[in-house]
Structure formats: structure tokens, C-alpha cells
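Hi,

Here is the structure I promised to send over.

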Amino acid sequence: MIEPVALQDFFVTFFSAAAVILFGAGYAGLFAWARLGNRRHLMPWAYACYATLAIAVYALAQAAHLHGNWTLVTVLMLLGYLLAPHAIWHLCAATHRAEHAEAREVSADQNGENPLSSTAKRKTP
Amino acid sequence: MIYSVAALPHRIAGAFDALDSPHLNGGQQLAVRYLAVAVVLFLAQVLFGMLSGIQFVAPGFLHGVLDFNVNRMVHINAMVVWLLYGFIGSIYWFLEDESGTEIAGLKWGNVAFYVLTAAVTVVVLVYLLIQTGPGKDASIWFINEGREYIEAPRWADIGIVAVMLVFFYNVAGTFMKGRWSGIAGVLTLDLVALAGLYVAGMFYLTNITADQYWWWWVIHLWVEATWEVLVGCIMAWSLMHLLGARRKIVQTWLYIEVALMFGSGILGLGHHYFWIGTPDYWFSIGGFFSALEPIPLVAMVVHSVYDAGVHNFKSRNHPALAWIIAHTFGNFLGAGVWGFMHTLPQINLYTHGTQWSASHGHLAFFGAYATINIAFFYLAVQKWRGDVWMGGDLPGNGWKWKWALALLNLGVMGMTVALLIAGYEQSFVERAVGGSTWEGYFAAQNQVWFKQAMHWRLLFGLVTTAGVVLLVWDLLTIGKGESRKAPTLTKAA
């Protein structure tokens, strides 16, 4: 059912498994930071992290003998780490949408740009 | 003499009454009692951890007086119980605020607190006074049940479940009397699971595989499912209170977190079934869901960056916020990175039960649970003192909380790395080369890397102890004599 890791591959296994999570976090963090405020120059670095993660997954799969049915775990890791930041980003944007709309309204009120606001009405001659 | 003993309960109750504050509601008064005992047990955890750490480098230390197995047991039990006290205290703290009404059956809640605290005291005294003896049915009922991490004798088990039922009644009854919310619903359902799962550890089976099968329900499903959800509820309320976050947003994220945690965490249980004699399919289930378990933690990185970038956070309690940030990183590193490094069965064959597990356990428990409880201690102290200022510009620039934070994080991280080195050596020498034999075990224990790692662990244990002492000192003094009031944040919608 499982083929244990060979003695000489212990370090590769630990290191690559840690790298999967750390570069996963690097990719997720840079992805979010790049989308935030449209910092497009950070996006290649985010995907560079993902590429490193993919290499780590490959190294882990080789060292831990993730063959046969275990290939599913490898594919799952690659897909999960690729898509999770996208999905969470959309959820973040959706859950905060009402808040952003309200903030824009308040900002417009303060600048007197919102013709429907009470402040704007007072300013209108 | 008899009079003194008879008067003891009143004296103890009187000592707890001294913790009352006019700034708190009934639930918060009870919460302060729970949080105070949590701090005492935290100190006990560190003390017995230090004794165990010393025994690793000087095995003769206290031999025959306070043996390693007892120190280790009290160290871990104290941790489990202080974290539970912290969670229960936190929930009593916000129960009236969240429900908009007084706590249902608060009197019973107070009785349950004294019963639980007395039971914990008796259990620990029995652990310390009766360290060896025959294993009989009577010892399961009155001395020690023998299951690692949940060694409490059966009479105490029954007491714990009774106290949990009172706690459940307090929570569910209060929400039924007042108003329900998303946090209230998740919390109430989680408490059903919390009390129910404990029952899985209360019956004894002669087949060790079957016994371990159910035992893991308590250990894994408590820690990696119900506790995570409890922390989610506490965090949701804290973020509204601390940062003025909107209820709609924190509740939506609470639902998402519960779905992600339960989705990956429940069957992640499989990674504990690898080597206990269960069928082979647990390799696939455990491996598959263990690979999934870090994804929610990585996904949370996106949310943290989003919130940090979009909002200009104005916190009304800097120490609490700092500890919540420590929680985010600690949970990610301890549970995510340290967990996944040795969880796949292909490598877990060698690492299971070595100091690898201890390394992961130290960082994960500290990062995921101790930090959030400490954050809540600071929230409670602030209100206890009369909702005083705890932002920047504290006396002495807040050096005590900052140093406590630094020392505790450095100490725990240092112990984690030292145990990681010891675990690496153990899995290599004892398991892979020595073939898990008795000779292999001793070869690994006497290997220079293992010995050096244990010295480093002791050193960082001292750093941790210094951090805890400083933390307690700070909790006792922060906000004392402060006349400035905490700023009012935008009311959470």
C-alpha cells in the first residue's frame, strides 16, 4: 500500500514538505498583495512561488513514492494550492463588498459629491 | 483543625470573590475566575515541563520522588485543562454581550466552576501522591485511567461531562432566552460535539486497536475540529470587539472556516490510524486529508493580507492584537508546516511518536491555542480595570508585554527546533537504522545530536518560563492606575 521513504531521502522529504506549505503561503500572500491595489509587478513573483511549490511537490512525490493512487494526492496538492488563493480572494471581495460601497458613500458624503446625501443637500443652494 | 478544613471552601470562594470588579457583568465575573485558574495552570504546565526537560538531561533528577512519567503527564494535562479553562472563560465573557441578556442558570455555572476546579485539584494531587501501584478496575475509577493525555480517573471524567452539560445549558439557555446569532449557532452546535466526543474516551475496551480507535476521537477531533471551531467563535467576537470588524463579515468567515476545518480535519483523523492496527485504507484517507489540512491555513493568508491592506486597523488593545497576530503565524507554522512535514504515512512510519511529534505539538498548541487565550487575557484585564487605555504609549512603552511576547515566542520556537533536531535523529537512528528495536531506541537516546538537542530544549524552556513569568507580572499590573479610557470603535453592524 505504501513504500516508505528511503533513508537517504529523509531530508528531501522533510524539506520539500515544508517548502510546499511555505511557498504555498508565499504564493497566496503575494497573490493577494498583487491583487490589492493592482500591484501587477508582484504577480510574477507570486507565480514564481507557485512554480517553486510545484517543484517541491514533485520532489516530495519522488522521495515519498507517491505513485499509483497516491498520484491523486500530488495532483490535489497542485490544484488546491493553485486555486485556493483565487477562491479566497473572491470570497474576500464578496464579503467586503457592502462595506466598500458604504465607505465610498461616506467618502462621497464628506466630499459633497453624493447628491442624495444629507450633507450634499445642505450644501446645495 | 476540623474547623480549618471546613472553612476552606469559604476561604477559597472568598479569594475568588476578590477577583470581582464593578465593571463586569455576571458572566464576566465568572469568566475572570476561569481565566485566573487558567493562568495558574499555565504556570503549572511550564513548571512540570521544565522538570521533565531537566530529567532528559539529568535522568537521576527527582527519580523516585517525582518521576518523568508523572511530570510529563501533569505537564500535558495542565496544558489541556488551562486551554479549556481559557476557552470556557472567554465564552462566559462574551455570552451576555452576544445574547443581549443575562446568563441562564448562572448560579449553576458558578457551582460547576468550583466543582471542576476542586476536581482538577484532587486529580493532580492523586497523580502526584500515588505515582505507582497495581492497575485494577479501582485504579481506573479513582487513580488514573491510563489513556495518554486524558488520564483523569473515571469519576473525574463523569464530573467533567456534568460540568460541560452545565456549561452547555448556560450557553444554549442564554441564547434561547436572548437573541441568536451566527456565532451563537456555531458555538452551541460545537459544544454538543465537544461534550459528546469526550464520551468516546470514557469506555475501556480490551482490544488495544479498538480502544485507540475511539481514544483518537477525543484527541484528534477535539483538537483539530471542535477546538478550532471554538477558537473561530472566540476570534470572531474578539475581532468585532477589538477592531470594530463587522458582524456580517466575521460570521461569513466563521462559516467558511468551519466548512474548511471540518472538511479537511474530520477525516484528517486518518493520520492517527496509520499504525494502530486499523485497515490499510486509512493510509489513503489519512494521507489525502492530511494533504488538504494545510490548505485552509494557506487560504487564510489571503484573507489576512486582504484585511491588512484594505482596512486601516485601529486596535483598542495593542497586546491583544499582537497576540492574535502571533496566533495567525503560530497556527500556520505549527499546525501547517510542522504538521505536513511528517504526516504522510511514507515518512510518518519513522517519525510517529518520536520527538518530531513533540516538536509539532509544542508549536501547534502554542500557536493555535495558547496565543488566542493570552490575547483574551488582555481583553479581559482591560475591561476588568474599567475599560482603560491599552493602545500605544503605555507606561514604559509597554515593555513588559512586548518582552513577554518576544520571550514566549522565541522560547517556544527554540524548543520546537531543538525537538525537531532530536526527532530527526531519532527517526533516523532508532527507526530507520535501528529498526525500532530496544537497542535502536537506546542508541538514539545516547546519540550526541539527541543529547545536545535536549540541552538546547532546556535552555529555550528557561526562556519560555521567563516569558510566562513576565506575562503574569504584566497581566497583574497592566492598566493599573491608568486614567485614560479605551477609544470607542465603530459599532459592529
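How many residue pairs (both at pLDDT 80 or more) are in polar contact between domain 1 of chain B and domain 3 of chain B? The count is 4 residue pairs, where a polar contact is a pair of N or O atoms within 3.5 Å; within protein, one must be able to donate a hydrogen and the other to accept it, and residues adjacent in sequence count only if both atoms are side-chain atoms.

Some housekeeping before the rest. This is a predicted model, so local features need pLDDT of at least 70 and side-chain atom pairs count only at pLDDT 80 or more, while totals for chains, interfaces and linings use all residues. Residues are numbered from 1 along each chain as its sequence is written, chains are lettered from A and ligands numbered from 1 in the order in which they are written, and side-chain values use heavy atoms, with hydrogens and water left out.

Back to the domains. Chain B splits into domain 1 (11–180), domain 2 (206–302) and domain 3 (314–493), with bounds from an automatic or database domain assignment. Taken over C-alpha atoms, the centres of domain 1 and domain 3 of chain B are 21 Å apart. Their contact (heavy atoms within 4.5 Å) takes 27 residues from domain 1 of chain B and 30 residues from domain 3 of chain B. Together these two domains bury about 2300 Å², 80% of it on carbon and sulfur atoms; buried area is the accessible area (1.4 Å probe) that two parts lose on being put together, summed over both. The salt bridge count between the two is 0, a salt bridge being a side-chain nitrogen of Lys or Arg within 4 Å of a carboxyl oxygen of Asp or Glu.

On the side of domain 1 of chain B that touches domain 3 of chain B, two or more residues come from each of α2 (26–57) and α3 (68–99) of chain B. The largest share, 13 residues, is from α2(B). Helices here are DSSP runs (H or I, at least four residues), numbered from the N terminus. That side divides into 19 nonpolar, 7 polar and 1 charged; Ala, Val, Leu, Ile, Met, Phe, Trp, Tyr, Cys and Pro count as nonpolar, Asp, Glu, Lys and Arg as charged, and the others, Gly among them, as polar.

Now for the two chains. The area buried between chain A and chain B is about 4100 Å², with carbon and sulfur atoms giving 84%. F10(A), F14(A) and I21(A) supply 16% of what chain A buries against chain B, more than any other three residues. The contact draws 45 residues from chain A and 46 residues from chain B. Across this interface the rule finds 0 salt bridges, and 4 residue pairs (both at pLDDT 80 or more) are in polar contact. On the side of chain A that touches chain B, α1(A) gives the most, with 15 residues, and the residues there divide into 34 nonpolar, 8 polar and 3 charged.

Finally, a few single residues. L62(B) has a positive phi near 60° without being a glycine, and lies in the loop between α2 and α3 of chain B. D387(B), also not a glycine, has a positive phi of about 55° and lies in the loop between α14 (355–384) and α15 (399–433) of chain B. Q426(B), in helix α15 of chain B, counts as buried because its relative accessibility is 5% (buried means under 20% relative accessible area, exposed over 50%, partly exposed in between; 1.4 Å probe, protein chains only).

Cheers
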